[in-house]
Amino acid sequence: QTMEYSAAVTYVESLGKFGIHLGMERIQGLTALLDHPERKIRTIHVTGTNGKGSVTTFLANMLQQAGKKVGSYTSPHFVRYNERICLNGEEISNEDFAAVTERTKAALDRFLAEGGEQPTQFEFITAMAFLYFAEKQVDYAVIEVGMGGLWDSTNIITPEVSVITNVTLEHTDRLGKTIEAIAAQKAGIIKPGVPVVTEAEGKALEVIRGTAEASHAPLYVYGDDFSTEELTSSMDAQTFLYRMGEKEMEVTIHLPGEHQILNGAAALAAAEILREKDGSIDEAAMLRGMDAARWPGRLERIHRNPDIILDGAHNPSGVTVLRKALDEYYPGARRIYVFGMMADKDVSQVSEILFRPEDTIYTVLAHEGDRSEKPEKLARRLHKNAVPMDDLTAAYRRAVQEAGPEDVVIVCGSLYLIGTFKELGLDR
């Protein structure tokens with residue numbers, strides 16, 4: 001009796017109760033029983049505090065435009081687990097999802113029977129992704145780290161190139177209290193002799209540099225080894241000059257915000273490194289891939305006049321990026337927020353960065369679950385003229401109704417909130 005998709009989702013869902021436990025022994029045991037699918041594919045590994053998903057999508061698009069069969073593994077998902085495992089930009093089918101779940105579950109059952117420790121949900125999905133990519137015989141799989149790097153279950157790979165976007169304080173309960181401690185976790189993806197590209201700076205860069213030197217891993221640093229110069233920027237498109245050594249390219253991307261120029265540059269540098277080994281990745285394919293890249297839930301505009309933007313930023317560095325983009329693209333517009341956050345996040349710091357005294361804020365529950373901050377409490381914590389709303393749909397309709405054609409409505413505060421919003425079909 002083969003597993004149905006709904007049963008597969010229920011099973012994967014049920015693994016959520018095992019929480020987050022960083023460490024490698026469970027994923028190693030699980031993939032060993034699957035005959036190490038992660039060793040049968042070429043990979044690119046991407047970590048960082050923010051920008052992992054954008055870099056992953058830039059790279060996957062460039063490789064696909066070069067005629068490659070490309071897997072990408074990202075997290076979290078907005079609506080369906082399938083979103084995390086993609087082949088040439090298409091989500092894994094329900095049929096394949098069920099088949100891969102079934103095979104991975106068989107390995108997990110054996111692992112437990114042999115005395116192994118219960119894997120987490122993320123470890124299980126990671127094993128599923130590797131198995132799927134190996135079965136589909138991808139040319140490359142771009143793998144986004146779940147959390148940190150060193151003890152993340154994706155770290156069983158030896159990639160062609162590693163990318164560390166940036167490093168700021170986040171998940172301090174699990175990754176450490178200082179930039180240096182977090183950078184050490186991220187630098188944990190560096191492998192002996194494998195080139196590393198980074199946008200990190202300051203103390204984080206020192207840690208990454210030290211690790212790269214100890215691992216004899218060539219290091220490419222934004223600002224030193226490759227750089228950018230912004231030419232034009234709007235919500236629709238950005239153009240910039242990318243420079244690496246003697247080389248200069250004029251690049252167009254459709255992910256707004258100046259931080260995406262940095263992420264784009266990191267992806268281009270990684271593609272250049274791959275190109276040295278694989279000549280079929282030509283410049284034209286790189287430019288087409290950059291141009292084709294889209295990434296939902298990050299400054300994602302779903303409507304115009306009024307402009308309606310979805311953004312999943314939930315940590316201080318993420319909302320700094322959102323605030324900068326709003327100041328750049330909507331300097332004079334009235335801002336109306338629909339805002340929901342997880343209770344364990346730094347609400348006061350986030351609100352200080354994001355909101356101006358004159359902004360209108362409707363607080364909502366980010367999603368049904370114990371970790372969501374209650375709208376009333378959230379409104380009180382914002383010290384602004386925030387109005388708590390019981391219902392996301394009602395809050396959103398009210399915000400849109402109040403907005404004039406020149407105004408901007410921003411739905412933000414949590415990736416979970418964006419997921420709930422999409423699940424309700426409000427983005428259509």
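Visitor: Leaving aside its neighbours within four places in sequence, which residues is Thr31 in contact with?
Guide: The model is a predicted one, and in it Thr31 is found in helix H2. Thr31 counts as buried because its relative accessible area is 0%, under the 20% cut-off. Once neighbours within four places in sequence are set aside, the residues in contact with Thr31 are His36, Pro37, Glu38, Ala127 and Ile156.

Visitor: Which helices do the buried residues of H2 pack against?
Guide: Helix H2 covers residues 25-33, and its buried residues are Arg26, Ile27, Gly29, Leu30 and Thr31. H2 is followed by Asp35, whose phi is positive, near 65°. The helices against which the buried residues of H2 pack are H4 (94-113) and H5 (121-135).

Visitor: Which element supplies the largest share of the largest nonpolar core?
Guide: The largest nonpolar core has 40 residues, and those with the most contacts inside it are Ile44, Leu59, Val197, Tyr242 and Leu268. Among the elements that each supply at least two residues of this core are strand S1 (43-47), helix H3 (52-65), strand S5 (140-144) and helix H9 (259-277). The largest share, 10 residues, comes from H9.

Visitor: Leaving aside neighbours within four places in sequence, which residues are in contact with Leu59?
Guide: Leu59 is one of the residues with the most contacts inside the largest nonpolar core, and Ile44 is another. With neighbours within four places in sequence left aside, Leu59 is in contact with Ile44, Val142, Val163, Ala267, Ala270 and Ala271.

Visitor: Which residues that line the second largest pocket are the closest to its centre?
Guide: This pocket has a volume of about 550 Å³, and by class its lining has 9 nonpolar, 11 polar and 6 charged residues. The largest share of the lining, 5 residues, comes from H3, while S2 (70-73) and H15 (415-423) each supply at least two residues. Of the 26 lining residues, the closest to the centre are Thr74, Glu83, Cys86, Trp295 and Pro296.

Visitor: Is Cys86 buried or exposed?
Guide: A search of the whole structure finds 0 disulfides, and Cys86 can therefore be judged here on its accessibility, which is 11% in relative terms. Since buried means under 20% relative accessible area, the class that applies to Cys86 is buried.

Visitor: Which residues line the largest cavity?
Guide: The count comes to 1 cavity of 30 Å³ or more, and the largest cavity has a volume of about 30 Å³. By class, its lining has 4 nonpolar, 2 polar and 1 charged residues. The residues that line it are Leu255, Pro256, His259, Gln260, Trp295, Arg298 and Leu299.

Visitor: Is the peptide bond from Asn305 to Pro306 cis or trans?
Guide: Most residues other than glycine have a negative phi, and most peptide bonds are trans. Asn305, found in the loop between S12 and S13, has a positive phi of about 50° although it is not a glycine, and Asn305 is exposed, with a relative accessible area of 55%. With omega near 0°, the peptide bond from Asn305 to Pro306 is cis.

Visitor: Is His216 buried or exposed?
Guide: His216 has its place in the loop between helix H8 (202-214) and strand S8 (219-221), and its phi is positive, near 50°. Because its relative accessibility is 68%, His216 counts as exposed.

Notes. Residues numbered from 1 in each chain as written. Predicted model: local features only at pLDDT ≥ 70, side-chain atom pairs only at ≥ 80, totals over all residues. Heavy atoms only, no water. Core = buried A, V, L, I, M, F, W, Y, C linked by side-chain atoms within 4.5 Å. Buried < 20%, exposed > 50% of the residue type's maximum accessible area, 1.4 Å probe, protein only. Helix = DSSP H or I, 4+ residues; strand = E, 2+ residues; numbered from the N terminus. Contact = heavy atoms within 4.5 Å. 1 Å grid on protein atoms, 1.4 Å probe; cavity = no way out; pocket = protein on both sides within 12 Å on 5 of 7 lines; lining within 4 Å. Points joined across faces, edges and corners; volume = space filled by probe spheres on them. Nonpolar A, V, L, I, M, F, W, Y, C, P; charged D, E, K, R; others polar. Disulfide = S-S within 2.5 Å.
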